[in-house]
Amino acid sequence: MTPKLKVALAVAVTCALASLPWLASATILQFSISTLLLATLAQGWNIIGGYTGYASFGNSVFFGLGSYGTAIAMVQWHLPFGVGLVFGAVLAVVFALVLGIPVLRLRGHYFAIATLALSQVMTAIVSNLEIAGRNTGLVLPLLNGDPLFYELSLALLVLATLTVFWIAHSRFGFGLIAIRENEDAAASMGINTTLYKVLAFAISGIFSALAGGIHAYWITFIDPVSAFDLSLNVKMIIMTVFGGPASILGPVVGAFVLSGISEILSSAISSVASLFFGAVIIVAVVFMPRGLADVLRRFRKTGWRYFSENVKKYRL
Amino acid sequence: MQLLAQILANGVLLGGLYALMALGLALIWGVLNIVNLAHGAFIMLGAYVGYYLFSLFHIDPFVALPVSMGALFCLGYLIQRHLLNLIARAPMFNTLLITFGLDVVLTYLAQMFFSADFRTINPGYAGANFTLFGITLPLVRVLAFLVAIVLTVALWLFLSRFRVGRAIRATAQNLGAARLYGVEPRRLYALTFGLGAALAGGAGDLYGVVSQINPYIGAALTAKSFAIAIIGGLENPLGVVVGGIFLGIVESLTALYVGPTYVDVASFGILVLVLILRPNGLLGAAA
Amino acid sequence: MSTPLLEIRGLSKRFGGLVAVDDVNFCIAPGETLGLIGPNGAGKTTLINLISGSVTPTTGEILFEGRSITSASAFRRARQGIGRTFQIMKPFPGLSVLDNVAVGALFGTSTTAKALRVAREEAREWLELMDLSRHADQRADELGGPDRKRLELAKAIAMKPKLLLLDEVMAGLNHVEIDDVIEAIRKVRSTGISVLVIEHVIKAVQSLADRLLVLHHGKQIIEGAPDAVLADPRVIEAYLGRRRA
Ligand SMILES: Nc1ncnc2c1ncn2[C@@H]1O[C@H](COP(=O)(O)OP(=O)(O)OP(=O)(O)O)[C@@H](O)[C@H]1O
Ligand SMILES: [Mg+2]
């Protein structure tokens with residue numbers, strides 16, 4: 001496919017998606033909003049986890065900060081939604097800068113665990129804050145406008161995807177990939193690793209926070225446990241890893257496919273969705289550790305051997 | 001003063017159990033380089049083994065302890081042997097992810113078979129206390145503490161005195177070391193993971209005696225075990241004991257002086273601080 | 001004499017009880033090649049780590065182009081013109097060989113933000129020089145040992161450094177390959193850059209170095225013209241002492 005054709009196709013798909021509110025039922029629209037938000041979150045995680053190689057469990061904190069930033073601005077200060085969104089994003093950036101700098105010095109497991117612990121700390125802090133409504137949370141003003149939320153979410157996903165596209169083709173992104181591949185070598189070749197990592201963390205955080213803000217206004221009710229829910233972070237990871245980390249469309253495809261399947265499953269047998277997620281992770285990690293994107297690239301050449309070769313490569 | 005002593009005693013007793021919880025996680029992490037996110041789920045399963053043995057057959061939870069441990073050993077052995085060995089050489093992130101998948105599956109199955117209701121193991125002596133120097137000590141907590149310490153020492157002896165134990169420790173330094181001790185690596189991996197799971201099972205059985213259980217307790221317990229393993233360091237089991245007791249005391253003090261809702265801020269805040277300032281653990285060699 | 005490119009003053013590094021580098025002083029002039037030799041564990045790699053900023057010194061000072069860089073971070077030193085290779089090679093395993101080198105061209109001492117395409121074109125030239133062109137599209141972790149060594153060198157050269165620190169880039173190569181690498185280093189050097197080269201292959205140091213510095217137990221025991229240094233009894237003893245041990 002020529003680049004022009006690709007752009008045309010991308011625009012066409014986006015337009016088709018944008019027309020959904022006029023075509024789909026209310027239930028489908030709701031499902032689509034949450035899927036778009038999940039895809040945005042996965043795309044955000046892709047920047048820090050996929051490109052930079054830092055397995056963040058702190059992205060649900062960004063989501064929570066975005067939710068609470070928006071909610072506090074709207075409920076406590078009576079500011080408009082747009083200002084709330086920006087406030088939430090600012091909180092996320094502050095978090096990324098203040099805590100990112102020390103925590104991004106940790107590598108491997110240690111970074112993952114530190115962010116995991118931070119998310120627990122944040123939940124606990126927020127549930128003690130008067131302005132955040134403590135344990136009970138906040139109730140936002142009601143806005144009946146699913147089409148609006150849908151278009152907003154879609155626009156955010158497009159923005160996130162364009163950002164990832166830019167990262168994949170820029171000097172900045174090249175630096176992030178070098179950091180992922182070998183951080184010492186990256187530094188010794190002139191890459192400001194601290195700055196790059198913190199920027200990646202912050203950009204990743206902005207998208208999570210914006211998604212959180214939209215989600216809060218849409219759902220009209222937030223509380224600490226659901227806003228900082230760690231399993232949301234895990235979903236971002238699974239969708240990214242399933243679709244293909246460090247690819248431009250992988251996380252989006254991962255989010256669409258997995259949300260779709262889990263929606264169908266859970267309407268057939270309720271609550272089996274979580275079991276499904278667990279099973280998908282296990283199977284995907286064993287047989288396609290580099291995600292759907294890699295399967296599509298390589299399957300044509302290797303055929304079914306692709307899966308057994310993955311196992312052979314990593315088994316004891 | 002009296003109050004402080006009481007708080008410290010509570011903290012120490014809680015900490016002993018915490019240490020046992022973290023011990024298996026630290027063992028698996030240190031030797032196999034797997035951070036087992038399903039560790040809390042193992043603890044939860046161990047607790048249910050104890051619960052059902054007690055409620056169906058009236059077996060005392062302290063007698064049921066070996067059964068809990070045995071059951072979880074088998075589960076852990078099989079999981080490592082037939083699943084985790086498949087990705088033993090994959091990047092650490094893959095193992096993190098797959099054990100998370102295991103956690104989700106085990107939690108789901110537990111909820112399906114055991115229901116989401118809270119349960120407790122309530123032997124006749126559950127409410128019994130005794131007093132020492134004016135400090136009130138709940139009997140079950142003291143027993144749980146003692147068993148936890150005995151198991152920790154037993155693990156330490158096993159790792160330093162037995163051939164298989166030494167092979168496990170050598171593997172922590174070098175993947176191929178198992179062969180030098182005449183043990184096949186695949187089996188050694190499975191044994192180690194089984195052992196870690198067995199410790200989780202034992203901890204779960206004791207946890208069920210001192211606290212309420214349901215299928216969802218796992219995640220928080222995994223996080224706590226992490227915190228303890230990090231604070232104590234991975235090098236030796238005694239570090240984990242110190243880490244556990246430290247966390248137990250911090251939590252008790254925070255609950256009293258700051259407020260019970262800040263307990264998690266304290267424990268996880270300390271975890272983050274330790275990670276940033278002393279990544280090898282409070283007791284480990286300086287970074 | 002003009003200001004040296006690199007000046008090391010009383011540099012020491014202590015690891016716990018071990019003094020890996022002990023009060024080392026020397027200079028490298030612009031365009032000069034200094035050979036650094038010494039038995040295993042002498043502290044050669046540690047010295048390179050100190051200069052490149054991977055390790056911070058216990059005491060002492062490092063000046064680059066007359067300015068102190070003692071507390072500058074590794075990436076800043078790289079931007080100022082210090083390029084290095086790692087004895088334990090650090091390729092970007094998942095990237096293509098071409099992109100490995102392109103990182104050097106894109107970052108390194110380059111001040112203008114160039115396009116990825118331009119960096120890749122530059123990288124091709126360095127691959128050509130290092131005889132790696134046919135591997136350009138392979139993943140770096142698929143390369144064999146000797147090619148990896150060459151890649152390590154190509155990555156550092158692509159940074160267009162003023163000072164190149166080479167840590168045993170010829171270890172494990174055969175005679176023909178060593179001659180090729182020496183030739184390549186000569187070519188790069190002819191653009192006027194300085195080189196600090198650690199090598200156990202005496203033939204290579206002898207043919208490349210203008211001066212030799214010998215390190216033993218962290219101390220510099222002698223410095224001077226290559227032939228004189230290699231004939232010095234203290235140097236012979238340092239090496240023989242090692243062999244007997
Ligand atoms: N990070 C470190 N921590 C502790 N000791 C270290 C560290 N790095 C190096 N050493 C010790 O410092 C001494 C010098 O090591 P170095 O690697 O600099 O030697 P070398 O001259 O490069 O040896 P070789 O020829 O084997 O490469 C050795 O005894 C080594 O064990
Ligand atoms: Mg060396």
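Predicted model: local features only at pLDDT ≥ 70, side-chain atom pairs only at ≥ 80, totals over all residues.
Which residue takes a positive phi in the hairpin of β1(C) and β2(C)? G16(C) does, with a phi near 60°, and the hairpin has two residues between its strands.

Residues are numbered from 1 along each chain as its sequence is written, chains are lettered from A and ligands numbered from 1 in the order in which they are written, and side-chain values use heavy atoms, with hydrogens and water left out.

Now the hairpin. Strand β1 (residues 6-15) and strand β2 (residues 18-28) of chain C run antiparallel and are joined by seven bridges. Helices (H or I, at least four residues) and strands (E, at least two) are DSSP runs, numbered from the N terminus. Two strands pair if DSSP finds at least two bridges between them. Opposite F15(C) stands L18(C) of β2(C), and opposite E7(C) stands C27(C) of that strand. Both strands belong to an open sheet of four, in the order β2-β1-β4-β5 (chain C), with antiparallel pairing. Its edges are β2 and β5 (67-68) of chain C, each of which pairs on one side only.

Next, strand β8 (residues 194-198) of chain C. Is this strand largely enclosed or open? Five of its five residues are buried, so β8(C) is largely enclosed by the rest of the structure. Buried means under 20% relative accessible area, exposed over 50%, and partly exposed in between (1.4 Å probe, protein chains only). In a regular strand, side chains alternate between the two faces of the sheet. In β8(C), S194(C), L196(C) and I198(C) lie on one side, V195(C) and V197(C) on the other, and all are buried. Strand β3 (residues 33-37) of chain C pairs with β8(C) in the parallel sense over four bridges, and T33(C) has V195(C) as its bridge partner. Strand β7 (residues 163-167) of chain C also runs parallel to β8(C), joined by five bridges; there D167(C) stands opposite I198(C).

On to ligand 1. It has 14 residues around it, and G41(C), K44(C), T45(C), T46(C) and Q87(C) come nearest; near means that a heavy atom of the residue lies within 4 Å. The shell divides into five nonpolar, seven polar and two charged residues. Its largest share, three residues, comes from α1(C).

A backbone N or O atom lies 2.9 Å away in G43(C) and 3.1 Å away in A42(C). From the side chain of H200(C), an N or O atom is 3.2 Å from a ligand oxygen. The protein covers 61% of the 640 Å² of accessible area that ligand 1 has on its own.

Last, the magnesium ion, ligand 2. Which protein atoms are its donors? They are OG1 of T45(C) and OE1 of Q87(C), lying 1.9 to 2.1 Å from the ion. Donors are N, O and S atoms within 2.8 Å of the metal (3.2 Å for Na, K and Ca); water is not among the atoms, so sites may look incomplete. T45(C) is partly exposed, with a relative accessible area of 25%, and Q87(C) is partly exposed at 32%.

Note on methods: Polar contact = N/O pair within 3.5 Å; in protein donor to acceptor, adjacent residues only side chain to side chain. Areas by Shrake-Rupley, 256 points an atom, 1.4 Å probe, with all protein chains shown as cover. Nonpolar A, V, L, I, M, F, W, Y, C, P; charged D, E, K, R; others polar.
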